[in-house]
Amino acid sequence: MGFPGVWMTESESMIYRVVPKCACSTIGQIMFYSDHGRFFDGDIHDSTDGMHKWAQDHSHDPIERAVRAHAGVTFTCVRNPYARILSSFFDKIAGIQRNGRRYRGNLVPQLIQRYGIDVGTAENGFDFDQIASFRRFLLFARDTVRFRKPMEPDIHWSAMSGHISTFIVNGGRYDQIFFTEAFNAGMDKVLAQAETPVSVDLTQVPRFNESEGHGPKRAHKVSDYFDDLSRHLIWEIYKDDFQLFKYDFDNPDNKMPLAEVDLNEVHAKLGR
């Protein structure tokens, strides 16, 4: 199976397991800068050189060798599950993508037909009932995760623990798992441990939010989107994420984790 979702600097100073909707654009740009002294011109997800990615065949051998030898700092980044699923909805379902189209072609029309989701249009200013549509989307997300219907779960709303586990079960081990909500503190620890060709000053790094501006802004506080049924579904999908990454299930408005990640616990539970 190898190491899907892994990016690595060409210098092999940093090895990163991507978790979608968890600052991956900014992390990728920092990695690129740490080798080349400049940011990638465009969306880092589109880069085909200057950084190793498992999705590129020529990167398989270097990544596999570096992971097995633990050549660089291995890390990933996580995010509050409530905020992450909301971000996925507003970006991928309610938003218009960089190519000017809806995400995954006919996905949104299917959701409108099957789940009664209304996401408005750019012409009407994305005017729709955000809370009702999000809750219907959450039913769809649960169906994809639990029943694999009407499609396989998408990487943007499948559990973080599932992404993170592939690196462990295939022989990798994390040095750092940090929080999107405390990004600079976590990324600083990674950079302090890494031997990068170019030093990085995080205070000078912009946030590369490639989903910004794709769709409507969230109009309500986080807890407004989650009634009792929605929270039941969230627990069903993301129980491991809440428990392993120490986020507060009881208070959706508390975006901060309740404790640091226990790496030994993560490796023990996700390496089975």
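Predicted model: local features only at pLDDT ≥ 70, side-chain atom pairs only at ≥ 80, totals over all residues.

Arg142, Asp143, Arg146 and Glu236 are joined to one another in a network of salt bridges. Arg142, by contrast, is buried, because its relative accessible area is 16% and the cut-off for buried is under 20%.

Arg135 pairs with Asp227, and the closest N and O atoms lie 3.4 Å apart. This pair again links distant parts of the chain: Arg135 sits in helix H5, residues 130-147, while Asp227 sits in the loop between helix H7 (183-193) and helix H8 (228-245), 92 residues apart. Arg135 counts as partly exposed, with 26% relative accessibility. Asp227 also counts as partly exposed, with 28%.

I turn now to a third pair. The side chains of Asp91 and Lys21 form a salt bridge with an N to O distance of 2.9 Å. Which parts of the chain does this pair link? Asp91 is in helix H3 (residues 81-93), and Lys21 is in the loop between strand E2 (14-17) and helix H1 (24-36), so that distant parts, 70 residues apart, are connected. Asp91 is buried, with a relative accessible area of 5%. Lys21 is likewise buried, with a relative accessible area of 11%.

Lys53 is located in strand E3, residues 51-53. Lys53 is buried yet has no salt bridge. How far away is the nearest side chain of opposite charge? That side chain is Asp46, at 6.9 Å. The salt-bridge criterion requires a nitrogen and a carboxyl oxygen within 4 Å. Leaving aside residues up to four places away in sequence, Lys53 touches Val6, Trp7, Ile44, His45, Asp46, Ser47, Ser59 and Ile63.

The protein chain has nine helices and five strands. Along the sequence, their order is β-β-α-β-α-β-α-α-α-α-β-α-α-α. The C-alpha atoms occupy a box of roughly 50 × 40 × 35 Å along the principal axes. The radius of gyration is 19 Å, which agrees with the value near 19 Å for a compact globule of 272 residues.

Of these 272 residues, 54% count as buried. Among contacts with a separation of 6 or more, 69% are between residues 24 or more positions apart. The accessible surface of the chain comes to about 12500 Å², and carbon and sulfur atoms account for 47% of that area.

Finally, I return to charge, now for the chain as a whole. There are 32 positive and 37 negative charges, and their mean positions are 5 Å apart.

Note on methods. Residues numbered from 1 in each chain as written. Heavy atoms only, no water. Helix = DSSP H or I, 4+ residues; strand = E, 2+ residues; numbered from the N terminus. Rg over C-alpha atoms; globule rule 2.2 N^0.38 Å. Buried < 20%, exposed > 50% of the residue type's maximum accessible area, 1.4 Å probe, protein only. Contact = heavy atoms within 4.5 Å. Areas by Shrake-Rupley, 256 points an atom, 1.4 Å probe, with all protein chains shown as cover. Lys, Arg positive; Asp, Glu negative; His and termini not counted. Charge placed at Lys NZ, Arg CZ, Asp CG, Glu CD.
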